[in-house]
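Me: I would like to go through this model with you, one piece at a time. Shall we begin once it is on the screen?

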Amino acid sequence: MISKPSMPKSLTHQGDIGAEPQFAPEADLWPEAAQQSLQLMLARVNSVLLGKEQVVSRVFGALLAGGHVLLEDVPGVGKTLLVRAIARVIGGEFRRIQFTSDLQPADVVGGMVWDGKRGELVFRQGPLMANVVLADEINRTPPRTQSALLEAMEERSVSADGETRPLPQPFMLLATQNPLRDDGTYPLPEAQLDRFMMRLSIGYPSPEDEIGMLASGRQRLLPELLRPVIVPEEWMRMQKDAQSVHVHPALLAYAVHVVGATRASAELQLGASPRATLDWVRASQAEAYVAGRRYVVPDDMKATAEPVLAHRLLVRDEAWVKGRTAVKVLADIMAAAPVPASEGGRRR
C-alpha cells in the first residue's frame, strides 16, 4: 500500500517530472523504540557478516517491504550465513531447502502421506511452512519444482491435493544461486524472477575484513548464537509502518517514467512489469524507513533501482553481443531521466 496523506499547501503537485516539490511531511521521524529494534537487528547481523553493511541494510529493506530476495554470487562469500543470521534476529520459524536435481514439488510444499496409526491419509507440511525460508541453490532444481514456489511467493499460500493452505505470517523467501556455471543448473524463468523484489550480490570482503575473519578463527560469532530481537508479530507491525512511508506524487511519476523507458528501449526485449514498479516504490519506502524517515526522497529511488529492476530486464541478442547488460542499459535510462528535486525540503 502506498500512502498518500494530504499535502501541506507549501508542496506543489507536479504534472511533469521537471517541477520541484518538497518531499517531507511535517512529522518526519519514526518512534525511537522501533528504530532501536531495527538498528539492533542490523548490528547483530553485521557482527556475523563483516563489512557488508549496505547489503545487510538492503536485504532488511526488501523484507520490510514484504518482498523476497535473490542472492546471486560466487560460492563461499556468506550468502547462507547472511540468511541464517537474519532468521535468528527476526525470530519465528526458519527452514532451509537444499535444492537438487531430484527434488520434487511435494518435497517443497508438502503432500498427503499415509498415517499407519490413524489408517488414513494426512497432510504433511513441506518446509515452505515457515516464517523465513532459505531456498539454497534454487537454480539446481528443474522448472517443475521451481514453479512450486510461485504461488507461495505471490499469494502466500500453497496448494496440494486440491486444497489451498495459507503460509505462516510473516513469510519471507530468500534464495541463493551461483551464476558462474551452467552445468546441472536451470535458469529461473522470467515469471519467477519477477517475483523477487531484489537481486543482490554480497561480493568479496575487503582485505581488512578478511583479516579480521581469519583472526577471529573459532571464536567467530555464529548465527545460531544470535538472540532474537523481536517476535514475528512485531516484525509485521514494522512492515506495516514501512509500507506507510509517504511518497510524493512527483516520485511516483518518476518511477513510472523510468519503468516506461525500459519497456520502450530498443536494447531490451523485456522491460519492467507493473509489479516491478510497485516493488520499486515499496523498496524505496523501506529504504527511507531504515534511514529513520517517514518520507521518500529521490536518493531512495536511485539506491534501490538496480537491485529491484535490473534482474527483470531481458537484453536483446544484438545488444548483448556489443557488451550491453541489463545493468548498463538501466544505468543509461536512469541517467537520462529527470529527477524531481526538493526545494527547501528536509533531506537527510
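Me: Which residues of helix 14 are buried?
Reply: This is a predicted model. In helix 14, which spans residues 326-336, the buried residues are Ala326, Val329, Leu330, Ile333 and Met334. They lie on the same side of helix 14, because the arc they cover around the axis is only 135 degrees.

Me: And which exposed residues sit on the face turned away from that buried side?
Reply: That face of helix 14 carries Ala335 and Ala336, both exposed.

Me: Turning to the open sheet, what is the strand order?
Reply: The order is 2-5-8-1-9, with five strands and parallel pairing. Strand 2 (94-98) and strand 9 (198-200) are at the edges; each has a single partner strand, so one side of each lacks a neighbour in the sheet. On average, neighbouring strands of this sheet are turned by 20 degrees against each other, direction ignored.

Me: How many bridges join strand 5 to strand 8?
Reply: Four bridges link strand 5 (residues 132-136) with strand 8 (residues 172-177), and the two run parallel. One of the bridge partners in strand 8 is Met172, which pairs with Val132.

Me: Now Asp136. Where is it found, and is it buried or exposed?
Reply: Asp136 belongs to strand 5. Its relative accessibility is 6%, below the 20% cut-off, so Asp136 counts as buried.

Me: Which side chain does the side chain of Asp136 make a polar contact with?
Reply: The partner is the side chain of Arg96, at 2.6 Å.

Me: What else is Asp136 in contact with, leaving aside its neighbours within four places in sequence?
Reply: Besides Arg96, the contacts of Asp136 are Thr80, Ile97, Gln98, Phe99 and Thr176.

Me: Stepping back to the whole chain, how many helices and strands are there?
Reply: The chain has 14 helices and eleven strands. Of its 348 residues, 50% are buried.

Me: What share of the contacts joins residues at least 24 apart?
Reply: The share is 79%, taken among contacts between residues at least 6 apart in sequence.

Me: Last one: what does the accessible surface come to?
Reply: The accessible surface of the chain is about 16500 Å², and carbon and sulfur atoms account for 53% of it.

Methods
Residues numbered from 1 in each chain as written. Predicted model: local features only at pLDDT ≥ 70, side-chain atom pairs only at ≥ 80, totals over all residues. Heavy atoms only, no water. Buried < 20%, exposed > 50% of the residue type's maximum accessible area, 1.4 Å probe, protein only. Contact = heavy atoms within 4.5 Å. Areas by Shrake-Rupley, 256 points an atom, 1.4 Å probe, with all protein chains shown as cover. Pairing = 2+ DSSP bridges. Axes fitted to C-alpha atoms, helices over the stretch in contact; angles between N-to-C directions. Polar contact = N/O pair within 3.5 Å; in protein donor to acceptor, adjacent residues only side chain to side chain. Arc of directions from axis to C-beta.
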